[in-house]
Amino acid sequence: MTIFRQAILGLTTIIGLIGSPHQSFAQEAMRGLSEAGKAKLQVILEAAKKEGKLSLVLGEGSLGGSGSSLGKDFNNYYGLNLDVRFTPGPAMPNVGATIIQQYQAKRPALTDVYTGYANHITTLLLANAAEKVDWSDWANNLQRADLIHADGAAIPITSSTPGIAYNSDVIKGNDIPKNFVDLLNPKFKGRVVTTPYASSFDRLATNEMWGKEKTMDFTRKLSKQVGGLMRCNEVDRLASGEFDIFGLTCSQSNALRPTNKSAPIGFVLANDAPIVMYLYHAIPANSAHPNAARLWLNFILSRPAQKELYESDSQDLHLLEGSKTGEMVKAMEAKGTKFLMVDINFYKNHNAKDMDTDLQDIQKILRGDQ
């Protein structure tokens with residue numbers, strides 16, 4: 001009898017050890033919640049279990065790409081065992097357009113979670129194709145008003161900060177640009193490169209920044225200074241010595257991501273072009289697995305998820321405690337810099353079509369078409 005009881009106790013201990021990681025993470029998801037909040041979360045967890053899956057279609061490399069541990073961490077966080085799939089997809093605007101078409105045709109969305117910048121999310125909102133979620137009580141990482149945008153339909157997940165990347169073997173000391181206009185220095189002629197799509201130039205052209213006239217004048221001068229055009233993901237062309245200075249980058253991750261750590265690439269935020277662009281998650285109104293998607297949006301703002309995002313792509317949400325991006329932003333703000341925050345509200349106050357028209361004119365100047 002004693003031996004039997006010892007065996008039962010031993011088996012119970014083993015089961016407890018096996019189950020404990022999931023239990024501890026599930027407890028973390030319930031930390032700080034009221035009893036009513038825990039009950040709401042439990043209902044969503046049970047519904048997600050029945051769905052059994054979470055599908056995320058997004059650009060290659062986004063959220064850490066295929067090598068990301070976020071799917072595993074998500075399941076551990078809630079004590080789940082969902083089939084979390086990351087599928088490389090087309091560009092953000094194309095994914096959004098497809099979601100809208102599928103919503104209007106009353107078909108499930110190709111992704112359970114849409115990832116896009118404020119202009120992309122705004123398009124989804126205007127089509128009423130995004131689900132408005134009540135995050136109160138049950139989502140412990142979403143209890144701050146500044147983290148819930150568009151009446152609960154959009155959640156910011158990381159902050160992109162465009163800047164200037166440079167070859168640190170060549171550009172040193174006082175030669176390191178502090179401002180975007182520093183790229184017009186005659187000694188940099190032919191050594192500067194920018195993007196063919198004029199990344200963030202349309203934001204510079206807003207009244208809060210440089211205005212249209214100054215931006216157009218700067219672009220004409222820059223077009224005579226550049227030695228070529230390249231995409232944001234081609235910073236290896238700096239390391240190779242083909243170019244020495246690149247601005248504006250699409251974000252800090254172009255220069256700071258781990259794959260570039262051994263390369264001679266430096267990065268600075270431009271004092272005269274301080275921009276923060278929010279990258280968002282939204283749940284399509286026609287998501288096939290909406291409960292799993294709701295859980296994902298709460299999880300992605302957890303400390304473990306934000307840490308993973310920064311380690312994989314050198315971006316996290318500057319609004320959160322412990323944010324590495326937040327450290328850069330705060331350092332600039334301490335010097336009196338005021339950032340242009342490009343969020344969903346930004347596009348409520350700016351005409352996206354007018355901005356696109358300005359951007360097309362800027363692109364023509366950079367290409368030498370006018």
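## Salt bridges

A salt bridge is a side-chain nitrogen of Lys or Arg within 4 Å of a carboxyl oxygen of Asp or Glu. The structure described here is a predicted model, and a search of the whole of it finds 17 salt bridges.

## A pair within helix H11

Lys307 and Glu311 also meet through their side chains in a salt bridge, at 2.5 Å from N to O. Both residues lie in helix H11 (residues 303-313); because they are 4 residues apart there, about one helical turn separates them. Lys307 has a relative accessibility of 46% and therefore counts as partly exposed. Glu311, at 43%, also counts as partly exposed.

Arg367 is partly exposed, with a relative accessible area of 45%. Asp369 has a relative accessible area of 52% and is exposed, since the exposed class covers values over 50%.

## The surroundings of Gly228

Gly228 is part of strand E7, which covers residues 226-229. Leaving aside residues up to four places away in sequence, Gly228 touches Val192, Val193, Thr194 and Phe243.

The position of Gly228 can also be set against that of Ala331. These two residues are 103 residues apart in sequence, and their C-alpha atoms are 32 Å apart in space.

## The second largest pocket

Rolling a probe the size of a water molecule over the atoms shows where empty space is left. The second largest pocket holds about 220 Å³ of space. Its lining consists of 13 residues, and those nearest the centre of the pocket are Asn141, Leu301, Ser302, Arg303 and Leu320.

Sorted by class, the lining of this pocket comprises 5 nonpolar, 4 polar and 4 charged residues.

Notes. Residues numbered from 1 in each chain as written. Predicted model: local features only at pLDDT ≥ 70, side-chain atom pairs only at ≥ 80, totals over all residues. Heavy atoms only, no water. Helix = DSSP H or I, 4+ residues; strand = E, 2+ residues; numbered from the N terminus. Contact = heavy atoms within 4.5 Å. 1 Å grid on protein atoms, 1.4 Å probe; cavity = no way out; pocket = protein on both sides within 12 Å on 5 of 7 lines; lining within 4 Å. Points joined across faces, edges and corners; volume = space filled by probe spheres on them. Nonpolar A, V, L, I, M, F, W, Y, C, P; charged D, E, K, R; others polar. Buried < 20%, exposed > 50% of the residue type's maximum accessible area, 1.4 Å probe, protein only.
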